[in-house]
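Let's walk through this model together, one part at a time. Please have the viewer open as you read.

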Amino acid sequence: MTTYTPTLNSMSNANGEQYLAAQDKAPEMKTRETASKAKIDREHRITIGEYTSANARIRCRNVGVFYGEKQAVQDINLDIGKHQVIALIGPSGCGKSTFLRCLNRMNDTIPDCRVTGEITMDGKPIYGEDVDVVPLRAQVGMVFQKPNPFPKSIFDNVAYGPRIHGLVTTKSDLDDVVENSLRRAGLWDEVKDRLGQPGTGLSGGQQQRLCIARTIAVNPEVILMDEPCSALDPIATAKIEQLIDELRTLYTIVIVTHSMQQAARVSQRTAYFHMGHLIEVGETAQVFTNPQHQLTEDYITGRFG
Amino acid sequence: MSNFSTQKPAAPRSHDIVMAGLGKRRNAELRFRAYGLGAIVIALVFLVLLFTSIVSKGYSAFLYTNVALDIHFDAQAIDPEGLGTPDAQANGDYDILWKTAIYGLFPEVTERQKKRALAGFIGSSAGQRLRAMVKSDPKLVGTTQRVWLPVDDAIDMLAKGNLGDAAELSDRNKDSLVWLTTLQEQNRIRKAINREFFTNGDSREPEAAGIWGAVSGSAFTLLVTIGLSLPVGIAAAIYLEEFSPRNKWTDFIEVNINNLAAVPSIVYGLLGLAVFINTFGLPRSSPLVGGLVLTLMTLPVIIIAGRSALKSVPPSVREAALGIGASPVQMVFDHVLPLAMPGMLTGAIIGTARALGESAPLLMIGMVAFIVDVPTSLTSPATVLPVQIYLWADSPERAFVERTSAAIMVLLVFLIVMNGCAVYLRKRYERRW
C-alpha cells in the first residue's frame, strides 16, 4: 500500500471523489459505470459490481461477523446464484473463510462468534430462531481446507452421512450411494478394492476427494469449499477442479481459494475480499480482465497478497 | 588481495561461531542425557531392591511344612459308643489320634512338659483335618493311614530357617529342632503348597490365616467402585466438555472438581462414615460402603482425565461431523468418543488402581476390623488387601512377616492383572484407527 506512485495516488483519489459524488446522487444504485482505465480508490469500501443475482439461492444482506469484540467481516451484501460456482478470493485474514462458514452456520461452533445481518436461503433466514442446523448443514455441505476424513474405513466415511440422516434403508442402497458418491468424486477406481481400509491411510489428494464424496453422499444443494486444494499437488488439484466443474450442473458451489488461476478456471463469478470488506464482485472474466477497484487490480496483478 | 583483507576485516563466519559454541551445546546435551539415564537407573535399582525384598521374604509363605504321621483311626476314640453314624463320628476326639501318633514316634519323651511341647509340634488344625477325612470316608475308621499334617507355625518358621542360628534358639526350640531333624531323616517332613493361604480368611493363627477374604473383599469393593465411577465419571466428563454451556456455574463446578482431586483420601473416609453409615444406615465394614467411598475419591480423577482426553481430539473431526449435519450427540458418540476412549480408559485405570491400593478411607468405615469369614455379598463385613497387609504387618507372630510380604505380592499381581486388562482394552480401541 505504501509503494504506489504519487501520480497514481492522486489520480485514483480524484476518481474516488468523483465516484462518491455520484453515489450521493443515486444511493440506490448498485452498479456503476466506470471508465475502464480509471480505478476506484483504494480507500473505498462499498462493494463494486453487481452483487445481486437474478437466480439467487442464498442472499446475504449486511452480514457482519464478530469474534468477541473484534469484527472480522463487515457489511457484506452478496447473492449466490443457482448452479453456479462463485469464487471468494482475497489476501489471508480478509474474512472470506469466516464469511463462508456463516453460510452453513459452522461459526456456531466457535464460542464468542456472533453473526449480524441477514442470510436467507430460498427466502428463509438461516439464522432464524426456529432454524435447526442439522437439516441446514445436510442441505449446505462443506469441504474443509485440510482433508479431514473420519478415522474410520473409506466406506464408513462416505456412508456416515446417509446413515445418520436416514437417506437409505437397505444395505444395497447404501452400497449404491457410496459407490455413486465415490465415482462422482473420481475416487472409485482407486479405492474400490479397499473400501474397508482406513480413510486416513489415503494420500492427501485422495483424502480430499473422499471428503468431497462424503459431502455429496448426503445430496446437498449447496457445497461450500474452503481452499479445498491448498494442500494438494497440481494433479490432484486438476482432478478436483474438474470435479467442481461437473458438480456445478447439480449444485451451487462457493469456493474460497488463494489461487487466482483456480478461481479463473472454475468459477463463473468472483468476489474479492479485503480486510473484512467485500470490495468487488462480478463475472469472473470481467473481474480478472477488467477489475474496477484499485485493490482488486493490485491483488490479481500480484502487487500484494 | 591481502591488502584488501587487512583494510577491511572480514566479519566472522557464522559457521565459525557455531563451531565455537558447539562443544558447550554437546556437553549440555550429554549432561542432560546422563541425568535422565541416572534417574532411570536409580529408580530401577530401588524397584529391584523392593521386589527382591518382598519376594525373598514372601515366597516362603506360599509353601508350608507338613509332617507325615501314621494315624491309627481308632474306633474307640472316634466313636466310643460304636453307633457308626456320621453324627457320632463327628463328635469323636480326633486330637488323641495325632497325639498318639507323634508320641509313638518319640517314645523317649516322657516328661510332662516336653510331651506338651511335642504335641505343640503339630498345627492346631490337625484334629479338624482328621475329622474331615473320616466324614468324607467313614471306612477309614479302624485303619492306619499315613497322613500329611501341617506343623505348628513356629515349627514351620524353624524348618524354613527363619528363627536364626541353632545356637540362638530357646531350649524349647532346640528340642523342636532335634525332633525336626529326626523326622527329616525318616523322610517325614516335606514342604507343600500352602492351600490355606489362598482359600482362608484372616485368622489369629498364622497357619490358618489366608488372603482369600481380603481378595474377595477387594474384588467386591472394586466392583462397586468401577460400576459407579466409570459410567458416572465418563458421562460427567462428556457433558462438561461437550454439552454444558460455558458460564460461571460450570466454571465453579470445574474448579471444585479439580479441588476434589486433591482432597486427602481419609477425608472421604470421614464423609463416608458420616453420610453412608450414619445418615443412610448402610452396613459398617461392607464393600458397598467401601466402594461408594472409593467412588467419590476416584470420580474427580476420571472426570479430569476424561475431559483432557476429549479436549485432545482434533477439532477437524468435530467439524467434519458437524459439516455433514451430524447432531452434537452423533458427533460425540460416533467420532469424538472413540478417539478419546483410550485416554479416558487410562484415566479410569489410574483412578481405579489408586482405589485398589487405598487403605486410609476404609479405616474410617470399619473395614479394618478383624474379619474371619470370607465375604459373600456386597453387604457382608469384609476387609481389603491393603488393610489386610496393614493388619498382618502389625501382628507379633514371626509367621505373619512372610504372610505380609506374600499379601503384598498378591496385591501387586492384582494390580498387574488390572493394568494388563487396561492395556489390552486400550490397544483394542486404538486398533480401530
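**From a sheet to an interface**

In this predicted model, chain A holds an open sheet of four strands, ordered S2-S1-S4-S5, with antiparallel pairing. Its edges are strand S2 (70–81) and strand S5 (124–125) of chain A, each of which pairs on one side only.

Strand S4 of chain A, residues 113–121, runs antiparallel to S5(A), and two bridges join them.

Now turn to where the chains meet. How many residues of chain A are in contact with chain B? There are 21 of them, and they touch 15 residues of chain B. Several elements of chain A each supply at least two residues of this side: helix H3 (133–139), strand S6 (140–143), helix H4 (154–165) and helix H7 (204–217). Sorted by class, the side of chain A that touches chain B comprises eleven nonpolar, seven polar and three charged residues.

Our last stop is in chain B. Helix H15 of chain B spans residues 315–323, and B:Pro315 lies in it. Is B:Pro315 buried or exposed? B:Pro315 counts as exposed because 10 other C-beta atoms lie within 10 Å, and the cut-off for exposed is 12 or fewer.

Conventions: Residues are numbered from 1 along each chain as its sequence is written. Chains are lettered from A and ligands numbered from 1 in the order in which they are written. This is a predicted model: local features need pLDDT of at least 70, side-chain atom pairs count only at pLDDT 80 or more; totals for chains, interfaces and linings use all residues. Two residues are in contact if their C-beta atoms, placed from the backbone, lie within 7 Å. Ala, Val, Leu, Ile, Met, Phe, Trp, Tyr, Cys and Pro count as nonpolar, Asp, Glu, Lys and Arg as charged, and the others, Gly among them, as polar. Two strands pair if DSSP finds at least two bridges between them. A residue is buried if 20 or more other C-beta atoms lie within 10 Å of its own, exposed if 12 or fewer, and partly exposed in between; C-beta atoms are placed from the backbone.
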